[in-house]
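This report looks at one helix and at the pairing of aromatic rings. The sequence and structure come next.

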Amino acid sequence: MSGKRLPDGYFHAMYEAVDDPWGFTSRWYEQRKYALTLAALPSPRYGSVFEPGCSIGVLSAALAARCERLLCIDVSPRAVVSARRRLASAPHAEVRPGDIVDDWPDGERFDLIVLSEVLYYLDAEALHELIRRLPGSLTPDGEIVAVHWRWPVDEYPQTGDAVHEALRSSSLVVSASYSDTDFRLDLLRARPGRSVAQREGLVGSPKT
């Protein structure tokens with residue numbers, strides 16, 4: 001990618017000060033957000049899941065319980081160590097040092113991509129390029145869940161609302177959404193898919 005994101009030093013400094021700089025393990029905001037994120041996923045289990053920007057692996061641990069393979073990356077070496085420790089009992093989960101801009105796993109396809117509080121770190125060019133590669137990173141019925149804080153943060157190149165408007169303006173199809181004062185959530189696909197009720201035969205599939 002030719003676009004940029006916040007420099008590594010920003011994240012390294014955050015984790016040098018404290019192991020959990022955003023309060024992922026202590027704040028009700030985070031617990032509630034994770035619960036809503038997991039509840040929004042329309043499948044009980046996924047084959048392969050990718051979570052860039054996994055931080056210390058709190059959401060990752062919950063995702064690991066719902067998939068056959070989990071790949072996580074984070075730019076902070078300290079966060080990677082914490083995430084590996086948290087996922088030590090999940091041998092199907094792999095945590096790598098990696099950058100969402102330069103270390104995206106091109107050539108791999110996932111049943112679910114989790115973009116939780118990561119896209120507003122990208123400038124407009126990098127965001128556009130990443131959104132453009134998302135469809136090619138999904139299996140035919142693959143899904144993306146994107147969740148972002150809505151309040152402005154001076155250091156971030158984007159706001160959560162701007163990120164979600166960019167996702168919605170792309171070729172991706174929105175299949176579910178939620179928003180409140182604090183955060184937005186969108187579930188997206190590369191193409192239209194069946195709802196949970198349709199998958200389970202409770203209603204008929206739409207006619208083509």
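Which backbone nitrogen does a side-chain oxygen of D123 reach at the start of α5? That oxygen comes to within 3.2 Å of the backbone nitrogen of E125.

## Basis of the model

This is a predicted model, in which local features need pLDDT of at least 70 and side-chain atom pairs count only at pLDDT 80 or more, while totals for chains, interfaces and linings use all residues. Residues are numbered from 1 along each chain as its sequence is written, and side-chain values use heavy atoms, with hydrogens and water left out.

## Helix α5

Helix α5 spans residues 124-133 (helices are DSSP runs of H or I with at least four residues, numbered from the N terminus). Its buried residues (under 20% relative accessible area, with a 1.4 Å probe and protein chains only) are A126, L127, E129, L130 and I131, and what covers them includes α6 (160-168).

## Aromatic pairs

The whole structure holds 9 aromatic pairs (rings of Phe, Tyr and Trp, the last by its six-membered ring, with centres within 6.5 Å; planes under 30 degrees apart count as stacked, over 60 as edge-to-face and the rest as tilted). Among them, F24 and Y34 have ring centres 6.5 Å apart and planes at 45 degrees, so this pair is tilted. Because F24 lies in the loop between α1 (8-17) and α2 (28-40) and Y34 in helix α2, the pair ties together parts that are 10 residues apart in sequence.

Y178 and F183 also form a tilted pair, 5.7 Å centre to centre with 50 degrees between the planes. F183 counts as buried at 0% relative accessibility, and together with Y29, W149 and Y178 this residue forms one aromatic cluster.

Methods. Buried < 20%, exposed > 50% of the residue type's maximum accessible area, 1.4 Å probe, protein only. Helix = DSSP H or I, 4+ residues; strand = E, 2+ residues; numbered from the N terminus. Contact = heavy atoms within 4.5 Å. Polar contact = N/O pair within 3.5 Å; in protein donor to acceptor, adjacent residues only side chain to side chain.
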